[in-house]
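Open the model in your viewer and keep the sequence panel beside it. This tour tells you what to select next and what you will find there.

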Amino acid sequence: MQYKIVGEPMPVVICDLKAGEPMITEKGSMVWMSPNMEMKTSGGGSIGKAFGRMFSGESMFQNIYTPQGGPGMIAFASSFPGSIRAVEITPDRPVVVQKSGFLASEQGVELSIFFQKKATAGFFGGEGFIMQKLSGHGMAFLEIDGYAVEYDLQPGQQLIVDTGNLAMVDATCSIDVQSVKGVKNVLFGGEGLFNTVVTGPGKVILQTMPVSSFASALGPFMPTGS
C-alpha cells in the first residue's frame, strides 16, 4: 500500500492498493475510489469487540474495501478541520487514541476499547475516559482535530493535558485522570474539573481544537428557540 496525505486543514489520505489488498474503516469516511473497489460490511470479529467499538465511539461494523482484478485507489477524508497522521502499528508498538480518532487502516490492525486507570475519576472526566487501543500489524490513519503537536516523553516524564486535547499516545505511556485542585480553581478557573496526566516513556500527539471545544466556543453565538 502506498499513500499520500493532502489538503490540510480539510485533509484526505489517498491510498493506492495492490489487487486483493484490503483497507478497513468504521465511520463512512470513504470519499472517492476507483470502480474496481469492492465493499463488504463486517462485524470485525466477536460480538464483544463490536460492542466495545460502539462504546468507544465507533461503529459496531467495519467496511472493508478491496480492489478486484488489479490495483485500486481509495481516499478517506477527515470529518473536521485538522490533520491526518499515519501511524505504523506493530505487535510491540500498540497505540491508544481518542474515541472516534480512527479513520482507516490496513486489515491487520485491530481496534479494542481502552479504559484509563482510575475508572471512577475518568467517568467524570469527559472525553478522556474512554479511548481506543490499536494493536496488531499495519498502517493506521488517525484523525486529529485542529493542529497536531507531538512530544516524545522520557521514562517518568509527565505532561498534563486537558482531556479533550489528547489525541494519541504510545501504549507504553501511563494515562491517568486527576481532578483540578482548589475550590476557586474549580468554580472560576473555566478549565473543567479534570485533567489527563500522561507519563512516559512514549510518543504523545495532542490536538489543538477538539470538536467539543469548537462546539462550546460556538454555543454563545447560536440562536436559541423562543
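## Stop 1

Select strand 4 and strand 7, which run antiparallel and are joined by 3 bridges. Keep in mind that this is a predicted model. Now pick Met30: opposite this residue stands Phe76, in strand 7.

## Stop 1: aromatic pairs

Next, show the rings. The structure holds 2 aromatic pairs. Select Tyr3 and Phe141: they form an edge-to-face pair, 5.1 Å centre to centre, with 75° between the planes. This pair links distant parts of the chain. Tyr3 is in strand 1 (residues 2-6) and Phe141 is in strand 13 (residues 138-145), 138 residues apart.

Is Phe141 buried or exposed? Phe141 counts as buried, because its relative accessibility is 0%. Tyr3 counts as partly exposed, at 36% relative accessibility.

Move on to Tyr65 and Phe76, an aromatic pair that is also edge-to-face. Their centres are 6.3 Å apart, and the planes make an angle of 70°. Tyr65 belongs to strand 6 and Phe76 to strand 7 (residues 72-77), 11 residues apart. Both Tyr65 and Phe76 are buried.

## Stop 2: a polar contact

Stay with strand 6 (residues 62-67) and select Gln62. What does the side chain of Gln62 make a polar contact with? Its partner is the side chain of Glu26, at 2.8 Å. Gln62 is buried, because its relative accessible area of 8% falls under the 20% cut-off.

## Stop 3: the largest nonpolar core

Now select Ile89, Val95, Leu134 and Met168. These residues have the most contacts inside the largest nonpolar core, which has 17 residues. Colour the elements that give two or more residues to this core: strand 8 (82-89), strand 9 (95-98), strand 11 (109-115), strand 13 and strand 16 (166-170). Strand 13 gives the largest share, 3 residues. In soluble globular proteins, nonpolar side chains tend to be buried together.

## Stop 4: an enclosed strand

Select strand 12 (residues 130-136). Of its 7 residues, 5 are buried, so strand 12 is largely enclosed by the rest of the structure.

Look at its partners. Strand 9 pairs with strand 12 in the antiparallel sense, over 4 bridges. Pick Gln98 and you can find its bridge partner, Met131, in strand 12.

## Stop 5: the cysteines

Finish with Cys15 and Cys173. Cys15 is buried, with a relative accessible area of 0%. Cys173 is buried too, with a relative accessible area of 9%. How many disulfides does the structure hold? The count is 0, with a disulfide taken as a pair of cysteine sulfur atoms within 2.5 Å.

Definitions and conventions:
Residues numbered from 1 in each chain as written. Predicted model: local features only at pLDDT ≥ 70, side-chain atom pairs only at ≥ 80, totals over all residues. Heavy atoms only, no water. Buried < 20%, exposed > 50% of the residue type's maximum accessible area, 1.4 Å probe, protein only. Polar contact = N/O pair within 3.5 Å; in protein donor to acceptor, adjacent residues only side chain to side chain. Phe/Tyr/Trp six-rings, centres within 6.5 Å; stacked < 30°, edge-to-face > 60°. Pairing = 2+ DSSP bridges. Core = buried A, V, L, I, M, F, W, Y, C linked by side-chain atoms within 4.5 Å.
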